[in-house]
Amino acid sequence: MNFFNRKSDVLEHDFDAATNVVEDISGDYTIDATHSRIGFSARHAMVTTVRGQFTEFAGTAHVDAADPAKSSVSVTIETASVDTGVADRNAHLKSADFFDAETNPEIKFVSTDVVRNGQDWTITGDLTINGVSKPVSVEFEFTGSARDPYNNLRVGFEGGTTINRKDWGLTWNAALETGGVLVSEKIKLEFDISAIQNATA
């Protein structure tokens with residue numbers, strides 16, 4: 001079950017209309033990390049939402065618009081780059097209670113299947129966190145293509161999914177006197193991706 005609906009998260013009229021300079025976006029791409037975001041959110045004390053992101057990551061993609069099953073994605077995230085805006089919380093997330101960044105310096109995602117339905121793409125793959133690999137499916141919406149001032153062809157995708165952190169051994173928690181727990185087991189993953197087409201020889 002998909003608990004995260006990206007389209008309802010940000011209304012289309014909140015931004016200027018997307019551009020679309022090419023009909024066929026097929027090709028090899030490199031994620032532009034400086035214009036992309038890999039984030040997450042969790043419920044805290046069952047009353048509010050805490051958000052964070054990873055600031056250091058890299059990834060590549062092969063897009064085959066005619067035969068989407070031939071497409072592929074690979075992303076590597078530096079675990080220690082987790083940032084929630086609070087130093088003490090960041091340190092706790094990097095500790096053995098959660099990501100154990102010293103032992104597991106990278107989080108990885110490698111696709112195993114890609115399906116396209118119009119402007120929507122579903123990418124399924126193996127997500128490795130804390131040394132544990134589990135399959136996940138991420139629903140993406142294609143948000144447009146553009147030629148930037150440096151003549152780079154860019155494509156954009158936005159998407160997300162919800163996972164249960166316990167499936168990756170991230171089990172730390174604390175009980176609340178009023179019932180419930182301090183940190184939700186369900187975590188929303190959020191992706192805002194800008195990728196640049198690789199130069200051809």
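Modeller: Let us begin with a pair of side chains: those of Ser 137 and Thr 124 are joined by a polar contact of 2.7 Å. Please keep in mind throughout that this is a predicted model.

Biologist: In which strand is Ser 137 found, and which residues does Ser 137 touch beyond those up to four places away in sequence?

Modeller: Ser 137 belongs to strand β9, which covers residues 132–147. Once residues up to four places away in sequence are set aside, Ser 137 touches Thr 122, Ile 123, Thr 124 and Thr 161.

Biologist: Is Ser 137 buried, exposed or partly exposed?

Modeller: A residue counts as buried under 20% relative accessible area and as exposed over 50%, with partly exposed in between. Ser 137 has 34% relative accessibility, and therefore counts as partly exposed.

Biologist: Where does Gln 119 lie, and which residues is Gln 119 in contact with, leaving aside neighbours within four places in sequence?

Modeller: Gln 119 sits in the loop between β7 (106–117) and β8 (120–129). Leaving aside neighbours within four places in sequence, the contacts of Gln 119 are with Phe 140, Glu 141 and Phe 142. Glu 141 is 22 residues away in sequence, yet the distance from C-alpha to C-alpha is 5.9 Å. The relative accessible area of Gln 119 is 41%, so this residue is partly exposed.

Biologist: What would a buried residue look like, and what relative accessible area does Glu 190 have?

Modeller: Glu 190 is such a case, because its relative accessible area is 9%, which makes it buried. Glu 190 lies in strand β11, residues 186–197, and its side chain is joined to that of Arg 37 by a polar contact of 3.0 Å.

Biologist: How should I read the pairing of strands, for instance how many bridges join β1 to β4?

Modeller: A general idea to carry with you is that side chains in a regular strand alternate between the two faces of the sheet. Here, strand β1 (residues 27–31) and strand β4 (residues 57–63) run antiparallel and are joined by four bridges, with Asp 28 standing opposite His 62 in β4. Strand β4 also pairs with strand β5 (residues 72–78), again in the antiparallel sense, over six bridges, and there the bridge partner of Gly 59 is Val 75 in β5.

Biologist: Finally, what does the whole chain come to in helices and strands?

Modeller: The chain has two helices and eleven strands, in the order α-β-β-β-β-β-β-α-β-β-β-β-β from the N terminus on. Of its 201 residues, 39% count as buried. Among contacts with a separation of 6 or more, 59% are between residues 24 or more positions apart.

Terms used:
Residues numbered from 1 in each chain as written. Predicted model: local features only at pLDDT ≥ 70, side-chain atom pairs only at ≥ 80, totals over all residues. Heavy atoms only, no water. Buried < 20%, exposed > 50% of the residue type's maximum accessible area, 1.4 Å probe, protein only. Contact = heavy atoms within 4.5 Å. Pairing = 2+ DSSP bridges. Polar contact = N/O pair within 3.5 Å; in protein donor to acceptor, adjacent residues only side chain to side chain.
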